[in-house]
Protein chains: 2
Amino acid sequence: MPMPDNQLLDRYAELTVRSGVNIQPGQQLVVTAPLEAAPLARKITEHAYRAGASLVTVLYSDEQATLARFQLAPDDAFDVAPGWLFNGMAEAFKGGAARLALVGEDPALLSEQDPAKVARANKARAVAYRPALEYISGFAINWSIVAFAHPAWARAVFPGVPEGEAVERLWQAIFAVTRTDRPDPVAAWAEHSAELERRAKWLNDGRFSALRYSGPGTDLTLGLADEHKWLAAGGKAKNGVFCIANLPTEEVFTMPHRERVEGTVRSTKPLSYNGTLIDGIRVRLKGGRIVEAFAEKGEETLRSLLATDEGAARLGEVALVPHSSPISQSGLLFQNTLFDENAASHIAVGQAYPDTIAGGGRRPKEELARMGMNESVVHVDWMIGSEEIDIDGVREDGSAVPVMRGGEWAE
Amino acid sequence: MPMPDNQLLDRYAELTVRSGVNIQPGQQLVVTAPLEAAPLARKITEHAYRAGASLVTVLYSDEQATLARFQLAPDDAFDVAPGWLFNGMAEAFKGGAARLALVGEDPALLSEQDPAKVARANKARAVAYRPALEYISGFAINWSIVAFAHPAWARAVFPGVPEGEAVERLWQAIFAVTRTDRPDPVAAWAEHSAELERRAKWLNDGRFSALRYSGPGTDLTLGLADEHKWLAAGGKAKNGVFCIANLPTEEVFTMPHRERVEGTVRSTKPLSYNGTLIDGIRVRLKGGRIVEAFAEKGEETLRSLLATDEGAARLGEVALVPHSSPISQSGLLFQNTLFDENAASHIAVGQAYPDTIAGGGRRPKEELARMGMNESVVHVDWMIGSEEIDIDGVREDGSAVPVMRGGEWAE
């Protein structure tokens, strides 16, 4: 597999360990990674041990094996998931382990497979993963997600370019948007993280009860959860460790009210959901619920996703990203949520983050539900922002303040 | 990485799935494998799905990461093991999953590392793995161990030979001793397995209470457990599935009495224990316990091993293998127990297999202990047979029957 300049890869690994997951002395680290990411996983492992980690365990996945299952396994296999492994991960997190995910899958791996089987496998996996996911969505431990340039992903981002060159170009793009190519990436992230926190504070001070989106095909009033809190991806987990949960990140985000979203909205970029590309989404929401859903591509997968459980057709996250973000400016469609969600304002169906309500982690679930929090076994982001979208912040008294104009911060 | 002839590798994968672990329709399969074994693991995954497996999960390990830990991690890291992962595996086995291990490590990976740290890491790992190991040692599920030609292993087996050629020669040796190069390997294993069962029956019919070993440096009377049973590696697990737990296997084995072994014994081949080579072992046993232990190489590791817990200095297995076995005839020192233990008669310190006592799986532990069963978190085989060793079977009344002469079956 072609790999980038070793020195940059090493700095990227160090940035991941120090600024991303911020591993602590004596802490275990659980990493998930595709097989192809082994060279990066090894460098991350080394930096984690240098930082004092007691044990780094990399759980490798293999897209070829996943594909072989869809091609060869008996039909009743697709309701089975490795719950025993996810329970093990939950036990690790309960014991204080940190979590790192290396992502960069083939965005179209399962596009030729039976969508019904794919939906069953996704649901079985999501249900089984729930106990582990709660430690992540509840921010109980320090965690982070970073990318690596998988050859199949690189081919999808740079169609028609020879694989070696595509991988090289994707690495350069990753290093640029993660600020790895700056003289001091760790310092650059400290500065950028502070700027995002400043933006979140401005939104919190605005005390908006809803956001109003307008643009081509989009006319949406998105009510926010009671006592919602705007956050940036950098923050202190409940174990007291400051981490940046996504590298890169350009967003500030909070919790929509699960019952107070009305209107229509269109996606502005495709999204890759477990190996299937979904593009050209148009939905109508009523009482917070998606009551009509269309897609130009991957509509069956979209419908299966929304039908996963009661909460899968309601919103769990709303995030604001200026159109001038470095990722948007790269001009690339990454077909990977970690990047594309940082190129545009977005929403997510499914599970909400309790911490996006003030004191959310300590409130009982019933109270959080009354305040507007959505629950689901899934959490899928999709992009609704562009340079044609205006957003207003609306207060309880009906007064409105411009938040974004033409996709940029209004102030 | 150089890989062998694809067709033979595919037949080897099929043999592993069908004759080794014998995966059943609807069954999950948990595989452990070093990263370098990915091409073989993928073929095994495909054959398992073809045979009806519901889910194959490969847990990859990485020797480079293991080495990095010894070089970089803080001192207190070495009492930590991934108990959460092993508990997950135990949950999988409890749920009926089958187990396959792909082995073939660098036999000297940790030979330059601090033996005290290596011993602590080994012990932490053995203790944490115990809940999962009990499903294996108790034969609750179908399981198997097979090898793959890791480049570092190949270099150790063929010193001075260029790596690509060494790997190719090691694969050819593996294919030969596992009968993969026969016209119908699955049929060849059915026949060979029946022959080993016939040999086990002869030993059971002999009703020996002890074995007496004599040869250069060896003068040992090894008492057998009460109601012990001789077994071959092929057998029916408690879940009703016939599997061959080791590929290759040439041994018949049973349980020594934990308190009735007296005399001296010398190793006849080196053994590789978690990355350290131990060679030239001489021990003296009294009342079943190793009371003196020396080694020409790796003596500190041997002493740490024997000090792991109370049962680590007592015997858990005794196995008979003729000196004319195909593995012995290959003339190769594999430095890997899976092979070398099938080149010579051997004993193991540590955990015994309950099934080597009649009805052992159903008897309470206290009763098994009274009958002579040893318990430990470790189980390590080492070779004591050669063409210079004679073995007699001794009955309660003192009468003796030749079992082996000059390393061969006496009849």
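When I say polar contact, I mean a pair of N or O atoms within 3.5 Å; within protein, one must be able to donate a hydrogen and the other to accept it, and residues adjacent in sequence count only if both atoms are side-chain atoms. With that rule, chain B and chain A share eight residue pairs in polar contact, both at pLDDT 80 or more.

Quick housekeeping. This is a predicted model, where local features need pLDDT of at least 70 and side-chain atom pairs count only at pLDDT 80 or more, while totals for chains, interfaces and linings use all residues. Residues are numbered from 1 along each chain as its sequence is written, chains are lettered from A in the order in which they are written, and side-chain values use heavy atoms, with hydrogens and water left out.

OK, the chain pair. Counting contact as heavy atoms within 4.5 Å, we get 38 residues from chain B and 38 residues from chain A. Together the chains bury about 3,100 Å², 66% of it on carbon and sulfur atoms; buried area is the accessible area (1.4 Å probe) that two parts lose on being put together, summed over both. Three residues, B:R42, B:Y49 and B:W84, supply 25% of what chain B buries against chain A, more than any other three.

B:R42 turns up again in a salt bridge with A:D62, closest N and O atoms 2.7 Å apart. The rule there is a side-chain nitrogen of Lys or Arg within 4 Å of a carboxyl oxygen of Asp or Glu, and it finds two salt bridges across this interface.

So how do the copies sit? Superposed by least squares on the C-alpha atoms of residues with pLDDT of at least 70 in both, chain B lands on chain A with an RMSD of 0.0 Å, by a turn of 180° and a shift of 0.0 Å along the axis. The two copies are thus related as by a two-fold rotation axis. In chain B, the C-alpha nearest that axis belongs to B:G88, at 2.3 Å.
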